[in-house]
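Here are my notes on this one, as numbered points. Have the coordinates open while you read.

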Amino acid sequence: MHSSSNKYLLAAAICCFFAALAHLGCIIFGGDWYRFFGAGEQMARMAEQGLWYPTIVTSVIVLVLSVWALYGLSGAGAIKRLPLTKLALILITSIFLLRGVSFVGLMPLFPENSLTFWLVSSGICLVIGSLFALGSWQQWSVLGAKNA
C-alpha cells in the first residue's frame, strides 16, 4: 500500500468488505443472522428451510460488495489499477447514494423489512457512498491519468 493512498476510498473499501462479511455471515449462520440484520422473516425462514433463494441472493450481494471494495482499493492506489476504475467509482458512488436516499420508495417492495432496517441500512449506504464520493473527487485527476 502506498503512503499516499486515499483515506476516504480506503475507508469505503473497508466498509464494503465488512458489509460483505456480514452478508456472508447470514449465509453461514442462517435465519438468526438474517433476522438480526433485518432481512425479514420470510428470508430467515427460507434460510432455515434450506432453500437456495436466500443463499443465491446473499451470495450475489457478497460478490458485488467485494468487487466494489476492490475498486475502492484500486482508486485509492492501494492495489494495482483495475479496468475502468474511474467509471466503476462513479457507478458505485451513485448506487450507494441512490440506495441511501430512495428507501421510502423501496419500503413498499419489501414490507417485511423493519423501519429500523431501512433507516440503518440507508444511513450506512449514505456514509459509504459519501466516502466513495469524497475519495473519488480527491483522486479525480489521478484516476484520469493514462498510466496511473
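1. UniProt positions are given here in the numbering of this chain, with feature names shortened, and such annotations may be inferred rather than shown by experiment. The unreviewed UniProt entry puts "transmembrane region" on residues 9-31, 51-75, 87-110 and 116-137. Residues 51-75 come out 96% helix and 0% strand, with end C-alpha atoms 38 Å apart. Residues 116-137 are 100% helix and 0% strand, and there the end C-alpha atoms are 31 Å apart. Helices (H or I, at least four residues) and strands (E, at least two) are DSSP runs, numbered from the N terminus.

2. Some ground rules. This is a predicted model, where local features need pLDDT of at least 70 and side-chain atom pairs count only at pLDDT 80 or more, while totals for chains, interfaces and linings use all residues. Residues are numbered from 1 along each chain as its sequence is written, and side-chain values use heavy atoms, leaving out hydrogens and water.

3. On to the packing. A nonpolar core here is a set of buried Ala, Val, Leu, Ile, Met, Phe, Trp, Tyr and Cys residues joined through side-chain atoms within 4.5 Å; buried means under 20% relative accessible area, exposed over 50%, partly exposed in between (1.4 Å probe, protein chains only). The largest one has 24 residues, and Cys16, Leu65, Trp68, Leu89, Ile92, Phe96 and Phe132 have the most contacts inside it. At least two residues each come from α1 (7-29), α4, α5 and α7 (115-143). Apart from this core lies another, of five residues, including Cys26 and Tyr34.

4. Cys16 is buried at 0% relative accessible area, and Cys125 is buried at 12%.

5. Now the rings. Phe, Tyr and Trp (its six-membered ring) pair if their centres lie within 6.5 Å; planes under 30 degrees apart are stacked, over 60 edge-to-face, the rest tilted. That gives eight aromatic pairs. Phe36 and Phe37 are edge-to-face, because their planes are at 85°, with centres 5.0 Å apart. Phe36 is exposed at 67%, whereas Phe37 is partly exposed at 35%.

6. Leu84 is exposed, at 64% relative accessibility.
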